[in-house]
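Colleague: Let us go through this model by question and answer. Show the sequence and the structure, please.

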Amino acid sequence: MKTDTRDLVSATKAARDFASITARVADGNRVVVLKNNEPSVAIVPMADMEQLDRIAEREEDMRLLAVALTRIATDDGAGRKSLEEFAVELGIDLDD
């Protein structure tokens with residue numbers, strides 16, 4: 001879904017008309033708030049936020065799967081490294 005240019009509002013207007021903006025967002029619209037004529041933040045429906053959360057979770061799952069598959073493919077039993085050491089080599093933070 002693309003953002004309609006009618007859904008671009010200044011930070012001043014967003015602050016002044018917050019109730020009407022949230023009503024538009026509740027109806028499924030996305031609103032981009034401009035600060036100094038540059039996009040600063042987006043106000044999105046909860047369904048969009050939940051979808052972003054699911055995408056982030058899947059991205060993390062894929063990163064961990066890549067670690068596991070790479071480790072399986074390269075494990076010859078000699079010089080075995082811990083999962084933490086291997087994750088560091090791949091630039092993955094397991095604590096996220």
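Modeller: Helices (H or I, at least four residues) and strands (E, at least two) are DSSP runs, numbered from the N terminus. The model is predicted: local features need pLDDT of at least 70, side-chain atom pairs count only at pLDDT 80 or more, and totals for chains, interfaces and linings use all residues. Residues are numbered from 1 along each chain as its sequence is written, and side-chain values use heavy atoms, without hydrogens and water.

Colleague: Which helices each supply at least two residues of the lining of the largest pocket?

Modeller: A pocket is an open set of points on a 1 Å grid over the protein atoms alone, where a 1.4 Å probe fits, with protein on both sides within 12 Å along at least five of seven lines; lining residues have an atom within 4 Å of a point. Here the lining includes R71, T74, F86 and E89. The helices asked for are helix 3 (46-74) and helix 4 (83-90).

Colleague: Why is strand 2 largely enclosed by the rest of the structure?

Modeller: Buried means under 20% relative accessible area (1.4 Å probe, protein chains only). Strand 2 covers residues 31-35, and it is largely enclosed because the buried ones number four of the five.

Colleague: In strand 3, what is the bridge partner of V33?

Modeller: Two strands pair if DSSP finds at least two bridges between them. Strand 2 and strand 3 (residues 38-43) run antiparallel, joined by five bridges. The partner of V33 is V41.

Colleague: Which residue in strand 2 stands opposite S10?

Modeller: Strand 1 (residues 8-10) runs parallel to strand 2, with three bridges. Opposite S10 stands L34.

Terms used
Buried means under 20% relative accessible area, exposed over 50%, partly exposed in between (1.4 Å probe, protein chains only).
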